[in-house]
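Me: I would like a close look at one part of this structure, and then at some of what goes with it. Please keep the answer plain and connected.
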Amino acid sequence: MSFTTPDITRAVTQGAVRLLEQMSLACVTELVLANGRRADIMALSEKGEIWIVEVKSGKPDFESDGKWHEYRPYCDKFFFAVHESFPTELLPLDTGLIIADQFGGALIRPAPEHKLPAARRKAVTLKLARTAAQRFSAQQFAAGFTPE
């Protein structure tokens, strides 16, 4: 059975989020940053570290995307998440690496830390928290929740 690019992206995203949640990070997907870029996964650790994970479905996806450098100013650690069939030698060594599928993932290479300045950390943390709260609220009301 052959998987489409959207199938691979969905599976890798799902597995990476599962891994991060097992590591006690809280995740939000598809978060728009202040520079207009969209982070595939943004995660917040218990210590307040901010991680961004860029999901790549395959070699063409990686080679056509030169904007990943623009995510670094918005996180303490930056990772790529890819399927096991991805040619990982293409990925920069100064980024973290997660191998994932729909069932979970493995942290293959830790990411170097690039500490955010305090003002940027506060802004990014607030954006992440507000987005998560807004999505949760919308989900509750879509499911028929009514406040008492």
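Is Cys75 buried or exposed, and what is its relative accessible area?

Reply: Cys75 is buried, with a relative accessible area of 2%; buried means under 20%, exposed over 50%, and partly exposed in between, using a 1.4 Å probe and protein chains only. This is a predicted model, where local features need pLDDT of at least 70 and side-chain atom pairs count only at pLDDT 80 or more, while totals for chains, interfaces and linings use all residues. Residues are numbered from 1 along each chain as its sequence is written, and side-chain values use heavy atoms, leaving out hydrogens and water.

A disulfide is a pair of cysteine sulfur atoms within 2.5 Å, and by this rule there are zero disulfides. Cys27 is in no disulfide, since the nearest cysteine sulfur, that of Cys75, is 13 Å away. For Cys75 the closest cysteine sulfur is in Cys27, and that distance is too far for a bond.

Lys56 is also buried, because its relative accessibility is 3%. Lys56 lies in strand E3; strands (E, at least two residues) and helices (H or I, at least four) are DSSP runs numbered from the N terminus. The side chain of Lys56 makes a polar contact with the side chain of Asp65 at 2.5 Å. A polar contact is a pair of N or O atoms within 3.5 Å; within protein, one must be able to donate a hydrogen and the other to accept it, and residues adjacent in sequence count only if both atoms are side-chain atoms. Leaving aside neighbours within four places in sequence, Lys56 has contacts (heavy atoms within 4.5 Å) that include Asp61, Phe62, Phe80 and Phe86.
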